[in-house]
Amino acid sequence: MRFAYWSVSLAALMMPAVSAAANEADAPDAASAIADRDRNMTIVVNGQLTAVASQSGTKTRTPLIETPQTITLIDNEELVRRNALSINQALTYVAGVGPNQRGNVATRYDQLTIRGFSPAVFLDGMRLQGGTYSSPQIDFHRIEGIDVVKGPASVLYGNSTPGGLINLSSKVPQSEAHGTVEAAVGNFDLLRGAVDSTGPIDSEGRFLYRIIGGAERSDGFVDHTENERYYVSPMLSFVPDEATAITLIAAYQRDPKGGAYGSVPPIGSAVANPNGQIRRSFYDGEPSYEAFDRKQWSLSALFRHDFNEAIRYRANARYIKVKQHYRSVYNSSMLPDLRTIERGGGGSDESFSTFTIDNNIAASFTTGPLKHELLAGLDFIHNEGTGYQSFVRGAANGIPNLDIYAPVYGVAIPDVLAGVPPTFSRRNQIGVYAQDQVHIGGLNLIGSIRKDWYEQRTTTSGVSTALRQSKTTYRAGALYAFTFGLSSYFSYSTSFEPQSGVNLAGESFIPVTGRQYEAGLKFQPRGTDTILTLSVYDLARQNVPVTDPDDPRNTIQVGEVKTRGIELEGRGSIRPGLEFSLAGTYMDSEFARGNPPSTTVVNGAAQSGVTGTRPLAIPKWTASSFLSYDLSKNDAVTGPLGGLTIGAGIRYVGGSDGTYTLVSGGITTATRFRTAGYTLVDALIAYDLGRLGGTIEGVSLAINASNLFDKRHVTSCLSNNWCWFGAPRTVVASLRYKW
């Protein structure tokens, strides 16, 4: 069965390539111009801000102003301008996004929420997947842009949460030779270097190359922790004619150190402690035991062929392998003296590989007054690997307590993974989808449907469990585009997540599902790249397993989390060089049907997941705005002043819920609290040294500051007894040379 999956998928990728090769003789002489055209198409696909179009929401080149869904595009120019080098940093100015769910201190994973739920992360339209702790992370020097698709997206991508997804777009080879060398320094002993070079290989410009590589190291925001990374990514494109292109992207990345992954107790961080405040740099682990080492290898193939102006084929495939070694001692709970924490410890060793392929064909045609954009596709994911995991807590297991105000480290911690049997898992998901976009004058209709088949087998100590589920998801939307740039829209969409396990009667669980109603207005002034969006939505995640109120031994699938919200977002140019973004979010989220209050805990109704309570770490109000001005794009500014770029941003994040428990005299008491809201300021100043003349053409200097006024803040308290500080003031100076 596995061989058949791989054979069908690879054949689907290669067959159109044979047709493409047959057309090579028809390639025009102006190969360089052809490659330029292909690059511009890639910019549209990647969602460049100047194109104001995205493939992520529809898998077709549909302008945002005609798409009945909220999608945010961030291009490479903005990423560089704001020195955004991670998903969390890139999305701090996006409505509906809750970045840094485990604080700015936990940077080894991309942990955030969209509309209250953790999103899936895709690269070039294919899901990034590894194991439980061996999740891949892509260095942002390899990224051209980001699309944030809000709301359920299973209809085109399969298994995903209802909040939305993030699609990263890889940099690819370009027909015009150019490159960048970058060196950066910053506080926390940051050192970073990167190089990016691209251009044609042959005189006709049919073969293009690109190579990106770099390294960095820094101290973590938390004591006794460090960050370190090395990466290289060579690429090759073959562009035989205007209609065809195939790009191969190889990549290797190693993160031998991954900062902190612990937490701080709520009392002393988000809640007052009579013993005083906890230091932001407090480390809850053991330096001699702390370890994180992740290695990842990948090879991607991005293929396109236009049979003619009406019929287009796309196929993307990727193989990625991730190996990870992780050990940690971490805060578990606070003792009644409010200064000593009980700690847990453990870790994992994992090795996972994933093969992904997505094929689709699009056809444009008319039937009477109706213009159609028809899409049909098939995608497949195969993920398998082996993992060792074990976690224990307390001094009885060799994990001593720690005084948070006078910590003493250096205690030997036993490796709790010793003797732990491995767990082998294999997951396959295959999906087929179809979509029709119909245009009737200013009216744009969309209908999408998809069928997924998911199977999973897990084996531990010779005992295997199997899961097989299937699900159909769909979407329907309508948008009317007025001639003066205003569009109004409405859509309904669904999602699913496979769910393992059985209830007390031995009955298998069904997939967790999501659904969303969304309506909104979009406005794009004619002739500009500016888009303003106002949206309202009603979102629900359903069939969530919860404790049976009639039998605490049983689990039933009646849980439901509802989120209703309003978002205002705008991005674009006020005038040449004057770029802006603004975002405002109101989000009301609650467990409409959740767990019953615990009867074994005092104030058990305050615990997480209880019916009628808010999910933890989800603020009700957020707002942000960033404004930057590149004077070189203002024709009225000449001379040295024209090399200046300045910018500033402000971010407000309202308070969110957290919980903690204290055990005293054998009695456990639960407390729910609200974190304090906070406002942060960011700033940038950059200068093109080439404006000074001489031999420094192409050299620029930029200084970016995040949390400029060094505001102490708690970003979230995502889990019971755990909170996370936000990063202190961070300043980075970057020197770049472009040719």
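**Nonpolar cores**

I first looked up the largest nonpolar core of this predicted model, and found that it has 22 residues, with Leu-91, Ile-146 and Leu-168 making the most contacts inside it. A nonpolar core here is a set of buried Ala, Val, Leu, Ile, Met, Phe, Trp, Tyr and Cys residues joined through side-chain atoms within 4.5 Å, where buried means under 20% relative accessible area, exposed over 50%, and partly exposed in between (1.4 Å probe, protein chains only). I noted that α4 (87–90), β6 (120–123), β8, β9 and β16 (311–334) each supply at least two residues of this core, and that β8 gives the largest share, three residues. Helices (H or I, at least four residues) and strands (E, at least two) are DSSP runs, numbered from the N terminus. I also wrote down a second, separate core of 15 residues, which includes Val-264, Ile-267, Phe-282 and Phe-673.

For Leu-168, I listed the contacts (heavy atoms within 4.5 Å) beyond four places in sequence, among them Ile-87, Val-121, Phe-140 and Ile-146.

**Ground rules**

I kept in mind that this is a predicted model, in which local features need pLDDT of at least 70 and side-chain atom pairs count only at pLDDT 80 or more, while totals for chains, interfaces and linings use all residues. Residues are numbered from 1 along each chain as its sequence is written, and side-chain values use heavy atoms, with hydrogens and water left out.

**The five-strand sheet**

Next I traced an open sheet of five strands with mixed pairing, in the order β3-β8-β9-β6-β7. Because β3 (71–75) and β7 (126–127) stand at the edges with a single partner strand each, one side of each is left without a neighbour in the sheet. Two strands pair if DSSP finds at least two bridges between them; β8 (residues 143–150) and β9 (residues 164–170) pair in the antiparallel sense over seven bridges, and Lys-150 has Gly-164 as its bridge partner in β9.

**Annotated regions**

From the unreviewed UniProt entry I took the domain "TonB-dependent receptor plug" at residues 64–164, a stretch that is 14% helix and 24% strand, with its end C-alpha atoms 16 Å apart. The unreviewed entry also places the domain "TonB-dependent receptor-like beta-barrel" at residues 244–708, where I read 0% helix and 65% strand, with the end C-alpha atoms 48 Å apart. UniProt positions are given in the numbering used here, feature names are shortened, and annotations may be inferred rather than shown by experiment.

**Thr-354**

I then turned to Thr-354 in strand β17 (residues 340–367), which counts as buried because its relative accessibility is 0%. A polar atom of the Thr-354 side chain lies 3.0 Å from the backbone oxygen of Gln-129. Leaving out residues up to four places away in sequence, Thr-354 touches Gln-129, Gly-130, Arg-318 and His-382, among others.

**Strands β24 to β26**

I followed β24 (residues 512–523) into β25 (residues 531–548), and found them antiparallel and joined by eleven bridges, with Arg-541 in β25 as the bridge partner of Gly-514. Between β25 and β26 (residues 551–575), also antiparallel, I noted 16 bridges, and a hairpin joins β25 to β26 through two residues. In β26, Gly-565 is the bridge partner of Tyr-537.

Terms used:
A polar contact is a pair of N or O atoms within 3.5 Å; within protein, one must be able to donate a hydrogen and the other to accept it, and residues adjacent in sequence count only if both atoms are side-chain atoms.
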